[in-house]
Amino acid sequence: QKLPAFNVYNLCIITPSDFRPILDKFFDEPETVEEIVSSIHKSAKGIADIITTPLLLTLLTITYKGYNKIPESPHEFYEKLFPLLVHRHDSTKPGFVREYKSQLNDAFCFYCSLSNKVTLSRKEAFREAENAEKITKIKAESQVSFMRDCVSNTCLVVEEGYEFHFIHKSIREYHAAKFISDRGISLKQKFYNKAAENYHQYKEELKYT
């Protein structure tokens, strides 16, 4: 999109009225589409509100096919999404069993949140990965392999040229909040003090914590 020969346009967010036409392209069975749309609208905790892009609707569909139900809350959606995508990727490798290091991924999102980054240069991504290693005391094989894991295995981060992009800001926000929730009182106090000074930047993370 940075090539001068292309024009770049901002897309409008999708609304609930867009769900059915998009889902009709995913499924041949009208009853399946009806079940998903109905489940989204019956959700009491705002699933419809977070589905603002075709990609997020696609990810919601993946969780539906993986668990045979629509998540009942945004928290459940994000909680199930990461292991499901990893499992889908790993299931293509017979006999392969992954050693999960989810705290390292959550810590990476936490440091990206602190620096208010959704798009990172390679240098910035490697720096935040190194910060995540230090605070979790979990050593990745290398920063390069860690980022390759994020891009290739979970598909939650994409690489374009020399930059890494979270596929959606809410992905980063949820996993950053999860990391905060799992840490001790000292880090929580530091984060809440920082958030109190800049509520607008951290308001989504605060919803999950």
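I take two strands as paired if DSSP finds at least two bridges between them, and with that in hand I turned to the hairpin of this predicted model.

**Entry on the hairpin.** I looked up strand β2 (residues 157–160) and strand β3 (residues 163–166), and found that they pair in the antiparallel sense over four bridges. For V158 I noted H165 as the bridge partner in β3. The hairpin formed by β2 and β3 has two residues between the strands, and in its turn I found G161 with a positive phi of about 60 degrees.

**Entry on helix α2.** I checked the length of helix α2 (residues 30–42) and found its end C-alpha atoms 18 Å apart, which agrees with the 18 Å that its 13 residues should span at 1.5 Å a residue. I then listed the buried residues of α2, which are T32, V33, I36, V37 and I40. These residues lie on the same side of α2, because they cover an arc of only 130 degrees around the axis. I recalled that an α-helix has 3.6 residues a turn, so residues three or four places apart point the same way. The other side of α2 carries P30, E31 and K42, which I found exposed. As for what the buried residues of α2 pack against, I noted α1 (16–26), α3 (47–50) and α4 (54–67).

**Entry on S73.** I located S73 in the loop between α4 and α5 (74–90).

Note on methods. Residues are numbered from 1 along each chain as its sequence is written. This is a predicted model: local features need pLDDT of at least 70, side-chain atom pairs count only at pLDDT 80 or more; totals for chains, interfaces and linings use all residues. Side-chain values use heavy atoms; hydrogens and water are left out. The expected span of a helix is 1.5 Å times one less than its number of residues. Buried means under 20% relative accessible area, exposed over 50%, partly exposed in between (1.4 Å probe, protein chains only). The arc is that of the directions from the helix axis to the C-beta atoms. Contact means heavy atoms within 4.5 Å.
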